[in-house]
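Visitor: I am new to this structure and would like a close look at a single part of it, the aromatic ring pairs. Please take me through them slowly, together with the parts of the chain that surround them.

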Amino acid sequence: QELTTFNDVYIDSTGFGWVVGDGGTILHTTDFGQSWEDQSDLLNGNLFHLAYVPGSNGQQAVAAGTKIVVTADGGQSWQAWIPVTNFGAYQGVAAPSAQAIYVTTNQGKLFKSQDGGATFDVLPTLPIAIEWTDIAFWNDSLGWLGSREGDLLRTTDGGQSWEVLHDTTFTSRLEFT
């Protein structure tokens with residue numbers, strides 16, 4: 001049996017969860033990982049990041065890597081979104097609600113879906129043009145972007161504008177103790 005590299009995992013407090021990995025691998029569990037159902041994406045490509053929609057009772061998830069795939073039925077079917085080229089590889093994904101999904105790329109781009117992953121739009125240019133590796137949203141409006149170097153941005157309007165909290169390129173705006 002061929003080994004698969006797993007790149008991200010999420011399991012909620014009810015036991016629902018997924019693992020994503022290389023070759024479009026998607027595995028689903030409903031019992032805290034005691035057993036797994038193969039829901040692998042048949043379009044190939046590696047999946048590096050996984051986000052689960054809070055409160056969806058294990059039904060909605062989004063995974064990103066060389067493409068973005070979204071499920072709204074517990075993984076019985078996955079909708080793939082393959083964007084226009086020249087935006088780079090996907091680096092992070094956040095799904096604060098069933099409708100709002102955010103995805104970053106290694107070329108400093110940020111995509112947002114407002115319809116549960118059916119379509120994605122590129123958001124306005126970010127104030128620092130670097131590779132954003134981490135993304136987190138508390139709700140549809142409040143979110144943060146982080147880089148490996150320690151850069152940190154915050155939005156309070158769903159990504160339309162960003163406040164620089166920490167910029168390693170020019171100045172440090174936060175005091176770390």
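Guide: Rings of Phe, Tyr and Trp (for Trp, its six-membered ring) are said to pair if their centres lie within 6.5 Å, and planes under 30 degrees apart count as stacked, those over 60 as edge-to-face and the rest as tilted. By that rule, the structure holds 4 aromatic pairs. One of them is formed by Y10 and Y52, and this pair is stacked, with 4.8 Å from centre to centre and 20° between the planes. Because Y10 lies in strand β1 and Y52 in strand β5, the pair ties together parts that are 42 residues apart in sequence.

Before going further, some notes on the model and its numbering are needed. This is a predicted model, in which local features need pLDDT of at least 70 and side-chain atom pairs count only at pLDDT 80 or more, while totals for chains, interfaces and linings use all residues. Residues are numbered from 1 along each chain as its sequence is written, and side-chain values use heavy atoms, with hydrogens and water left out. The pLDDT is the predictor's confidence in each residue, from 0 to 100; the chain averages 82, and 88% of the residues score at least 70.

Y10, at 32% relative accessibility, counts as partly exposed, whereas Y52 is buried, with a relative accessible area of 10%. Ring pairs also bring in W18, linking Y10, W18 and Y52 into a cluster.

Strands here are DSSP runs (E, at least two residues; helices are H or I, at least four), numbered from the N terminus, and two strands pair if DSSP finds at least two bridges between them. Strand β1 belongs to an open sheet of 4 strands with the order β1-β2-β3-β4 and antiparallel pairing. In this sheet β1 (6-11) and β4 (37-38) stand at the edges, each with a single partner strand, so one side of each is left without a neighbour in the sheet. Further in, strand β2 (residues 17-21) is joined by 4 bridges to strand β3 (residues 26-29), the two running antiparallel, and V20 stands opposite I26 in β3.

Strand β5, which holds Y52, is part of an open sheet of 4 strands in the order β5-β6-β7-β8, with antiparallel pairing. Its edge strands are β5 (47-52) and β8 (79-81), each of which pairs on one side only. Within this sheet, 4 bridges join strand β6 (residues 61-65) to strand β7 (residues 68-71), which run antiparallel, and the bridge partner of A61 in β7 is T71. Some caution is fitting for β8, which has the lowest mean pLDDT (77) among the elements of the chain, while strand β15 (residues 152-155) has the highest (94).

The rings of Y90 and F111 have their centres 6.2 Å apart and their planes at 65°, so the pair is edge-to-face. This pair links distant parts of the chain, with Y90 in strand β9 (residues 90-94) and F111 in strand β11 (residues 110-113), 21 residues apart.

Note on methods: Buried < 20%, exposed > 50% of the residue type's maximum accessible area, 1.4 Å probe, protein only.
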